[in-house]
Amino acid sequence: MSNEPTSADLTVHDGEHALPERFEDPGLGPHVARVGDTDPAAAKRSERQVVAMFGLSVLGTVGFLVAYFVVPADGTVEGVRLSNLLLGLGLFLAMFSIGIAAVHWAKTLMSDHERVEARHPQRSDAATREAAVAVLQEGAKDSGIGRRGVLKGAVVSAVALAPLSIAVPLIGEVGGDWNVSKFRHTVWTKGRKLARDPNGTPIKASEVTVGSVFHVIPEGLEEEEHWIEEKAKAVVLMVRLDPAVLKEAPERKDWSYEGIVAYSKICTHVGCPVALYEQQTHHLLCPCHQSTFDMADGAKVVFGPANRALPQLPITVDDEGYLVAQSDFHEPIGPSYWERLK
Amino acid sequence: MSPRATTGARAAGGTADYLDQRTGIGLAVKSFARKIFPDHWSFLLGEIALYSFVVLLITGVFLTLFFVPSMGVVTYDGPLATMRGQEMSEAFASTLHLSFEVTGGLLMRQIHHWAALLFMASIITHMMRVFFTGAFRTPREVNWLVGFVLMILGLAAGFTGYSLPDDVLSGNGLRITDGVVKSIPIIGSYLSYFIFGGEFPGEHIIPRLFTVHILLVPALILALVGLHLFFVVLHKHTQYPGPGRTDRNVVGYPLFPVYVAKAGGFFFVVFGVLALMGATMTINPVWNYGPYDPSPVSAGAQPDWYMLFLEGALRLMPGQGTEWVIGGFTLSLNVLVPAVVVPGLLFTALALYPFIEAFATGDKREHHVLDRPRNAPVRTASGVAILTAFFVLILAGSNDLLATHFDLAINDITNVFRALLFVAPVVAFWATKRIALGLQRKDRELVLHGHETGRIVRFAHGEYVEVHKPLDDYERWLRVQHEPRRPIEILPAEDERGVRRKGYRRDLLRQRVSRFFYEDRVEPVTPRELAAAHSHGAHDSLPTEGSAPAQIGSDGAHRGPDDEPETTDSTRIDVVHG
Ligand code: HEM
Ligand code: FES
């Protein structure tokens, strides 16, 4: 592409070369007087208004204090709402009135003549720069840092290494035991009963009717040492599907029990609990970013940002008819991480 | 003078003398008290950010006195009937206590949270003001970076605060964070342990967030706000263009008393408005959500608005086929791209923008007079494009609410947003650039033709013309004061002796960027053009030659001679055909 013509090239002109290239700044415009500048009565009025606004603020503070003593927080939602409203309105009046009083004062009564201040270039002048360089050079020469190479190395290494005494224990301790393989396992084991979340009562297969949904935790979860961490991994969603619609991979045929399937409730996207089940479509929706899993088809992803199916918990029943796990999940639950498959 | 006033004056004088003898403060007062600051409503945005931060400090200190940053489990036995007997962390229990048993506690919590939202909103709009007016140009690039870091720290402050009450929503937010962190290649799992002190959720995260929230981040913000304002004083505030405003002066009002009253007063206005919001608008009613439990979650849960863009990005990314396994290691692009790469790019572009533009212009001079956004069409359009992407992501972060509210299928909405994320910024760029160039052209029209008066005059030979009133010097100056910016020209690839010139490639890149910025442009009217417009002015002759470089560039329609003005000396007359 060729160079663009400049405006001077384009301007067809005849004999007005005396004109400047650019317009000239006309300078500050004339000052326009406010009413209060010329009319003392108007100024007096503004003053009274400002005084009234400050007065309003005092009323607000008084109102706040009255509300504080008369309507204290009483532990009920309604009582606290009222207390909150009255206190807040008092505080609003107290603060806002000071604000508008001051602004009104500045706008109507203080001088509104514009003033001009000169700017100076940000960079220091050449002499100052030279002097600064000279000072630094002199200091450096004085220290002899340039000549004493070993000394320079010693300073740098000492200063660079010293922070390790803070960093090493910090990094050593901050991650607990740093045992990241804990992600791989949950507390599900062979024979552990499936129990209702949150009350922990075990569930009989006969109680699970077609179409019903159970939020499940391992029985006895409360007794685990780190129950909240374990719960965060072990929660399961269980439904009974009509065997006619249930599609099962051959190797998982015996992971379900009479159409009852159990899947990890932790989304394989970034780990929200997947909790919204739609009966007709047997779709399970994650409320966080709407990944949708098909419970009738291996909990595969049908929409959304998740990439992997929810891990399945192999289940069966024990002698008394209670639903129990056959084992732990066969893969790590929840979001993906770098060494997940290692 | 009354005797009381004299005593007061004497006391003040004595104090001043005492202080000055020990600090030499007189010098600071002398040079500072009457410092001139220009006035404009858009300069209030940064002030709002500052004042909301002060409100955050005040209400935050109140909260720390009652909040217990502990994940120790307690059984609730407070007054709230719906919660009685439930197991919860001390953090959640203390938040309930703060809300229901400390009079004024709920007000402080609500003001604190509203102030956090206003803080972020004002930081972002302030940043937009600085961007669109070109206030980030030399010598203010460093202060732009300081402001940028302040914005990131604001996000960090908001995020860590939001997580403190340990309710279902905030706990779930942390869980999402954990999932995102784990997706980071190689170090993801370790980073998760680093943050949570072990497996999620552990018992360390609330105390850690607390320290970050009330000490680390506020201290950094405070220090950087100090640096930010120091720079403002050092550089002196920029000013909008206008008569008498130049790059070598600053026009406005003195700090004392005008700005002490206006800005000081404005602090109370902001505080008052936040108090009103805290009084009347419920925010984060954690007692409705309940304490954190890894199992339940409610639909329609939303993070605070400034986090929605991340949420939206996570929602839009298709999951199928975006998780790669390479040599046995898992690379979750479905999480990395939206949560790390996209925001990373968006933020890096924002942080580096001043340097990109400076590279394109090669301009090293100081700029203290702001640009009108129309006079920098490509910059304005780039800003609008980034904002558009940001808004699409925010909307996408609320796609479930949109779906239920407008009764649409969530999958359709998501697909539309996926397309919009790529299309909308491009359209916005194009449209904004056109509009900016159009406004500049209108400015030219106005300068050359004057105001329409609506007065129609009929000439003896039957022609109708409308009388135009020319602009006065002050009106005109606003529209012609800016320097025309043109693509830079570079030296040829080879020097006189045919040797390839060093640095040519860099120059070539610079030229490309510069063309992108300034190829299409409308230049301000020059005195010669105006004089020409006037001298054509015999109103009985139609103009024959085009004398205005209306628009230069590839994609603009060149104006024909028909548009050319004709003038008489004092009143310009335009021909109305028909
Ligand atoms: C720098 C800007 C700050 C932002 C953006 C911010 C934001 C937030 C947010 C969004 C919350 C959740 C509030 C709720 O709904 O309960 C919060 C809570 C809290 N903030 Fe801040 N904050 C900031 C500064 C501070 C400071 C300076 C302090 C104290 C010195 C503080 C102390 C607290 C405390 C104790 C809580 C927990 C209160 C509760 O859960 O009831 N914050 N913060
Ligand atoms: S966590 Fe389930 S879709 Fe993101």
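With -85 degrees about the S-S bond, the link between Cys272(A) and Cys288(A) is left-handed. That is where I'd like to start, everyone. The two sulfur atoms sit 1.9 Å apart, and a disulfide here means a pair of cysteine sulfur atoms within 2.5 Å. By that rule there is 1 disulfide over all chains. Cys272(A) lies in the loop between β5 (260-264) and β6 (276-278) of chain A, and Cys288(A) in the loop between β7 (283-285) and β8 (292-294) of chain A, so the bond ties together parts that are 16 residues apart in sequence.

Some housekeeping before we go on. This is a predicted model, where local features need pLDDT of at least 70 and side-chain atom pairs count only at pLDDT 80 or more, while totals for chains, interfaces and linings use all residues. Residues are numbered from 1 along each chain as its sequence is written, chains are lettered from A and ligands numbered from 1 in the order in which they are written, and side-chain values use heavy atoms, with hydrogens and water left out. Helices (H or I, at least four residues) and strands (E, at least two) are DSSP runs, numbered from the N terminus.

Back to the cysteines: are they buried or exposed? Cys272(A) is buried at 1% relative accessibility, and Cys288(A) is buried too, at 6%. Buried means under 20% relative accessible area, exposed over 50%, and partly exposed in between, with a 1.4 Å probe and protein chains only. Cys267(A) and Cys286(A) also count as buried, with 2% for Cys267(A) and 2% for Cys286(A).

Now, how do the chains meet? In total, 140 residues of chain B are in contact with 112 residues of chain A, contact being heavy atoms within 4.5 Å. The area buried between them is about 10600 Å², and carbon and sulfur atoms give 61% of it. On the chain B side, Tyr193(B), Glu199(B) and Arg528(B) lose the most area to chain A, together 8% of what that side buries. Buried area is the accessible area (1.4 Å probe) that two parts lose on being put together, summed over both.

How many salt bridges are there between chain B and chain A? The count is 7, taking a side-chain nitrogen of Lys or Arg within 4 Å of a carboxyl oxygen of Asp or Glu. One of them joins Glu199(B) to Lys233(A), with the closest N and O atoms 2.8 Å apart.

The chains also share an open sheet of 3 strands, in the order β1(A)-β4(B)-β1(B), with antiparallel pairing. β1 (115-118) of chain A and β1 (36-37) of chain B stand at the edges with a single partner strand each, so one side of each is left without a neighbour in the sheet. Strands pair if DSSP finds at least two bridges between them; β1(A) and β4(B), residues 249-254, have 4. Val116(A) stands opposite Val251(B) in that sheet.

Let me finish in chain B. Val457(B) has Val465(B) as its bridge partner. The hairpin has 5 residues between the strands, and there Gly462(B) takes a positive phi near 100 degrees. Thanks, everyone!
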